[in-house]
Amino acid sequence: MKMTKLAATLAATMVVAGPTLADTLHFPSLSYRTGPFAAGGIPFADGYSDYLTLINERDGGIGGVPIRQTECETAYNTERGVECYQSIRNDNPLVLQPLSTGITYQLIPRTMEDGIPMHTMGYGRTSAVNGEVFNWTFNYPANYWDGASVIINYLLDENDGSLEGKKIALLYHNSAYGREPIPTLTRLGETHGYELVTIGVDSPGQEQGSQWLQIRRERPDYVVMWGWGVMNPTAIQEAANIRFPMENFIGVWWSGSQQDVRPVGSGAHGYKALAMHGTGMDYPIYDDMQQYVIDAGKYAGTGDEVGTVLYSRGMYAAMLAVEAAKKAQEIHGVAAITPAMMRDGMANLEITEELMAELGLPNFGPAFSVACENHGGSGAAMIQQWDAEAGEWNLITDWIEPDRDLIMEMAMDDSLAYAAENDITPACLN
Amino acid sequence: MPDTLLFALEASLNGLTAGVMYALVALGFVLIFKASGIFNFAQGVLALFAALTLVGFQSGQIPFSHLINAMLGTRLHHFGWNMPTVLAIPATVLVMIGLAILVERFILKHLVNQEPIILFMATIGLAYFLEGFGDIMWGAEVKALDVGLPKGMSSAVDEATFAWFGYGFYIDRLEIWAAGIAAVLVAVLTVFSQYTKQGRALRAVADDHQAALSVGISLRFIWVLTWSIAGIVALVAGIMWGSKSGVQFSLSLIALKALPVLILGGFTSIPGAIVGGLIIGVGEKLFDFFMNPIIGGATENWFAYMLALIFLLFRPQGLFGERIIERV
């Protein structure tokens, strides 16, 4: 009897409460606003949230269904990331964006089992590009190996097509993330004839005296950096200290934000980094963002990161998620999609320049399409250079394509090895 | 001179200057441990908080502006003026003294006669509180810190060593300054503890709390004094490390570099903190130089803790620590 009353009360409460959780599209954010990597986590989380808020405020959600945002703090800690996942996995999360390679590695088998798609944009497990093995993981529009290849292709352009006899030092965060580009750079070194010197930096990377003494002794022609957090400004400061030519110092896209160069001041002038998307406020979308989100006081965080590199990346990740949700709605003919339907949307996503312009982001990201055989998009990236006087990043190249044949070959080897280890029979889901 | 020897010499010199940077952090731990027997887990966060406050004052940032904006819907950020460094540093010192008073009043006072582990746990709580409080007060973005100290390669050292050896050594001018500042700091602390009334009281408390109390020394005042000095030392460490890589929350992790230094030098010795820092600095640089080609890089943290472990096995009180005598 008591149970009946309780059930009736609950049912009445749900009716009075209005739209239920099932009437929303749940986009969780595994963010890190605290801890040693907060400076990078905050702008990404703000950009991700602001774009979703914009879609709710301007468009009334996706296909008429409002977006429900939740945020779980990981502090860039793998254990806490897994705990976050456990807390939301039964709440219909449409797509996970862990923003951590360590968390990604832990969640790949779990999301496969639970049937929840994961998007690791420019990070995570590179070989997830093979959608026949990693059905639920997507890493479009580019991955680490693409990034390494784009840097080498850029340097080839700078050196009249030959890197024969050149010496390239890789300064990397001594973690799974930092070691990701080593196989690609090694293979490309065999092809292009440059010598690769790998130099690890212990996390978090505040002390790099030994590493830069080694770079000074080795006298490399170029230094490539795979850093994150405090490692980046420390490295750029050390490079300025030893008077290493800054135009020959190139970071991955996680080493190319305002947070990385501003603390160094004028010493960072000329430093280069990969860009997987545009940056700055010079895009029509910011008119709407200003009107519906910022002026309305509905921005995430403090609202002072709008337009920065990592804010732009968060916004881009949210934009790709929303477009995938629209695709899923289109494929399945229902507005209230499930995680499995969302996966189908991601697996059939097509981003064209026309669509980007329509969304208010012309020339912001590359055009690409996703397929079962390629969950990684085009892999193209641009090179940006820091102007310390103006305090802004300037794009100095157009989109540069990676050596995709080599990368797909390596990704295939790695993913098939993963499949064999985990008893997975490679196959497309749809 | 063979190249290898030159490179090793250069690595050693850099190790010495890096060691001074580690010692600056370790000094704060020693001061508090000597006076109160507390291993202050919050020392790294104190350095971060001091540096955040200094940058906040320098840039004229409104404290708690993010919180005020969120609550009142305002758009406050800065006062619109910059405070000169010569004023910002004393203002930060005052904040650190205020913090010391609050720590004594709200934490230490209530934990008199508790076990050391209880006091240690309290400092862990303080560390987490201060980390969040600093975030709310000044924001979590990376901040550039410039107090006018020179940075970059010392041309004088480069040219002199080039003239002698045909190879110019690299030494960061900031670290040369850090060595000078550490020397002044140790001299001031020594003069203070040896020749002032408060310094003698501090030493008396360090030797025996009960005996010091019996001759009328106020334990509460001494604790405030100690935490204030540790706060000022934390400010110096925060300035030096913040000038290297900006002020951000990773700054609190510099405490991790101080632990092996303390194990080597002893938790109760100011000269021990300096010597321990120098040994760790030179040792890790030379180890990296010679072993890098064999086992790869990124060995600095590993080496420091391995050396500390070896010391723990053979001399647990450290080089200059008080000998541990257990009577049964």
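**Confidence and conventions**

Author: Chain B has a mean pLDDT of 90, and 98% of its residues reach 70 or more; pLDDT is the predictor's confidence in each residue, from 0 to 100. This is a predicted model, in which local features need pLDDT of at least 70, side-chain atom pairs count only at pLDDT 80 or more, and totals for chains, interfaces and linings use all residues. Residues are numbered from 1 along each chain as its sequence is written, while chains are lettered from A and ligands numbered from 1 in the order in which they are written.

Reader: What does chain A average in pLDDT, and what are the ipTM and pTM of the model?

Author: The average pLDDT of chain A is 92, with 95% of the residues scoring at least 70. Residues 9–19 of chain A fall below 50, and beyond near neighbours in sequence this stretch has two contacts in the model. Two residues are in contact if their C-beta atoms, placed from the backbone, lie within 7 Å. The model scores ipTM 0.88 and pTM 0.90.

Reader: How do I read the packing of α8(A) and α1(B)?

Author: Axes are lines fitted to C-alpha atoms, for helices over the stretch in contact, and angles run from 0 to 180 degrees between N-to-C directions. Angles under 35 degrees count as roughly parallel, over 145 as roughly antiparallel, 65 to 115 as roughly perpendicular and the rest as oblique. Here the axes of α8 (residues 209–218) of chain A and α1(B) come within 10 Å and cross at roughly 155 degrees. The two helices, α8(A) and α1(B), are therefore roughly antiparallel. A:G209, A:L213 and A:R217 in α8(A) meet B:F7, B:E10, B:A11, B:N14 and B:A18 in α1(B).

Reader: At what angle do α11(B) and α13(B) pack?

Author: The angle between α11 (residues 255–265) of chain B and α13(B) is about 25 degrees, with the axes 9 Å apart. They are therefore roughly parallel to each other. From α11(B), B:P260, B:I263 and B:L264 meet B:A304, B:Y305, B:L307, B:A308, B:F311 and B:L312 in α13(B).

Reader: Which strands form the open sheet in chain A, and in what order?

Author: Strands of a sheet pair through backbone hydrogen bonds, either parallel or antiparallel. Two strands count as paired if DSSP finds at least two bridges between them. In chain A, seven strands form an open sheet in the order β6-β5-β7-β8-β9-β12-β13, with mixed pairing. β6 (195–201) and β13 of chain A stand at the edges with a single partner strand each, so one side of each is left without a neighbour in the sheet.

Reader: How many bridges join β12(A) to β13(A)?

Author: Four bridges join β12 (residues 382–387) of chain A to β13 (residues 392–395) of chain A, and the strands run antiparallel. A:W386 stands opposite A:W393 in β13(A). The hairpin of β12(A) and β13(A) has four residues between the strands, and A:G391 takes a positive phi near 70 degrees there.
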